[in-house]
Amino acid sequence: MEGEERRLAASLTARYSEWVLEELDELRGSFLLTDPAMPGHPIVYASRGLAALTGYPRRELLGRNARLFQGAATDRAAVSGVREAVRAQRAHQVAILNYRRDGSPHWVLLHLAPVFHAADGRVLHFLAVQVPIAPASSPRRHPGRPPAFAACREEARGEEELPCASHVGEVFVDIDKRGLEAEEPRIASGCDKEMALSTANSIFSTLNRYSKLTGLVVCERRCDSVGIPALSSSLNLSLGRIKQSFVLTDRHLPDMPIVYASDAFLSLTGYSREEILGCNCRFLNGPGTSAEVLEEINRHICREEACTVHLLNYRKDGSTFRDLLHVSPIRNSSGKVAFHVWVHLDESAKHDFSGLTPEVWQLGAVGAVRVAVRSLSASGSLLRPSQ
């Protein structure tokens, strides 16, 4: 048994250093980590909060498939939806009926998130945060909310595991609930969702920090820089002189990834450059971000027009900031759009605009980026020669 525990612990210590387990033990919240590369996709870490919530001793959870929490009245559609999210390697969140060790049911908000290798985009682990939902936590349902992470109670599943080349799909299976009625569904409140997101962000911050000790940097979003063009040293030097908080994105590449991020942007959001290069700008969005404003931005991008909007965005630590965001196309010397610049300004922070309005201050960054791109594109010096 000790050998098995060491093998499971190595799934974390080999990637995040020997000290990560102690650090995770200090974090509040109910959560677990699973390893999709190991047979049966087992739980490799369970928090003290999870043990208290479910009644399972932590050592009893390690090595088991996460489906043991589900029972016969757990919604079949939710299980199917979560399984698809696992296979698609994307985050997922929903309220779902789970079961404690003593067989009693309880509603939780389940927040599932893959942990990516920052360099090549591989999924190393899955994180599942459970937040208990109180009765009548919300007066109504939110339409279109996807189902989320849960797992199957031991008594409700067969003992046989189907052989599979990949173990990712083994996290969730459909269950038979004939003759059983679930209690009235509960809806997660905004506070429940914020708590789940905050807990997940704390865990990702810990994993990211300790992964740097082993040289294996991880992140919560796939930021695969493979295929992302490297900007020339001349362009990087010119952009580095601009003091405002901004990123450049390339709309000609799939999902319009970030190809440059200023130091001020990293300070504003709390992310490292390695975490965001290759990502779409949506990683700043969260539950309180306006979908209508995002649609407005997309419309202007499609029309190759500039726009200024007010948006609620999220830092890496889960805290929010009121973002005065200006998005503008950047054309090369031939007049074609080469990039889009996104200039971010925290409206609640104090700034020295040297007598200028915030909007004019942002336009100054746009102008500086435009000059750098046009001058260097004329000589063909936007990208590294190897590109």
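Me: What covers the buried residues of H10?
Reply: In this predicted model, helix H10 spans residues 291–302. Its buried residues are Val 293, Ile 297, His 300 and Ile 301. What covers them includes E9, E10 and E11.

Me: Why are the buried residues placed on the same side of H10?
Reply: Val 293, Ile 297, His 300 and Ile 301 are the buried residues of H10. On the other side, Glu 292 and Cys 302 are exposed.

Me: Which residue with a positive phi follows H10?
Reply: Most residues other than glycine have a negative phi. The phi here is positive, near 60 degrees, and the residue that follows H10 is Glu 304.

Me: Which strands stand at the edges of the open sheet?
Reply: Five strands form the sheet, in the order E8-E7-E11-E10-E9, with antiparallel pairing. Two of them have a single partner strand each, so one side of each is left without a neighbour in the sheet. The twist averages 30 degrees from one strand to the next. The edge strands are E8 (258–261) and E9 (307–314).

Me: How many bridges join E9 to E10?
Reply: E10 covers residues 320–331 and runs antiparallel to E9. Val 309 stands opposite Leu 325 in E10. The number of bridges joining E9 to E10 is eight.

Me: What angle does the direction of H11 make with that of E10?
Reply: Helix H11, residues 358–378, packs on the sheet. It touches E7, E9, E10 and E11. Its direction makes an angle with that of E10 of about 35 degrees.

Me: Which element supplies the largest share of the largest nonpolar core?
Reply: This core has 32 residues, and those with the most contacts inside it are Leu 12, Tyr 16, Leu 24, Leu 33, Leu 127 and Leu 207. Elements that each supply at least two residues include H1, H2, E4, E5 and H6. The largest share is six residues, and it comes from H6.

Me: Which residues does Leu 24 touch, not counting those up to four places away in sequence?
Reply: Leu 24 is among the residues with the most contacts inside the largest core. Beyond four places in sequence, Leu 24 touches Leu 12, Phe 31, Leu 33, Tyr 45, Ile 203, Thr 206 and Leu 207.

Me: Is Ser 17 buried or exposed?
Reply: Ser 17 lies in the loop between H1 and H2. Its phi is positive, about 90 degrees, although Ser 17 is not a glycine. Its relative accessible area is 6%, and buried means under 20%. Ser 17 is therefore buried.

Me: What is the relative accessible area of Gln 89?
Reply: Gln 89 sits in the loop between helix H5 (76–88) and E3. Its phi is positive, near 60 degrees. Gln 89 is partly exposed, with a relative accessible area of 25%.

Me: What distance separates the C-alpha atoms of Ser 198 and Lys 316?
Reply: Ser 198 lies in helix H6. It is partly exposed, with a relative accessible area of 34%. Ser 198 and Lys 316 are 118 residues apart along the chain, yet their C-alpha atoms are separated by 9.4 Å.

Methods. Residues are numbered from 1 along each chain as its sequence is written. This is a predicted model: local features need pLDDT of at least 70, side-chain atom pairs count only at pLDDT 80 or more; totals for chains, interfaces and linings use all residues. Side-chain values use heavy atoms; hydrogens and water are left out. Two strands pair if DSSP finds at least two bridges between them. Helices (H or I, at least four residues) and strands (E, at least two) are DSSP runs, numbered from the N terminus. Axes are lines fitted to C-alpha atoms, for helices over the stretch in contact, and angles run from 0 to 180 degrees between N-to-C directions. Contact means heavy atoms within 4.5 Å. A nonpolar core is a set of buried Ala, Val, Leu, Ile, Met, Phe, Trp, Tyr and Cys residues joined through side-chain atoms within 4.5 Å. Buried means under 20% relative accessible area, exposed over 50%, partly exposed in between (1.4 Å probe, protein chains only). The expected span of a helix is 1.5 Å times one less than its number of residues.
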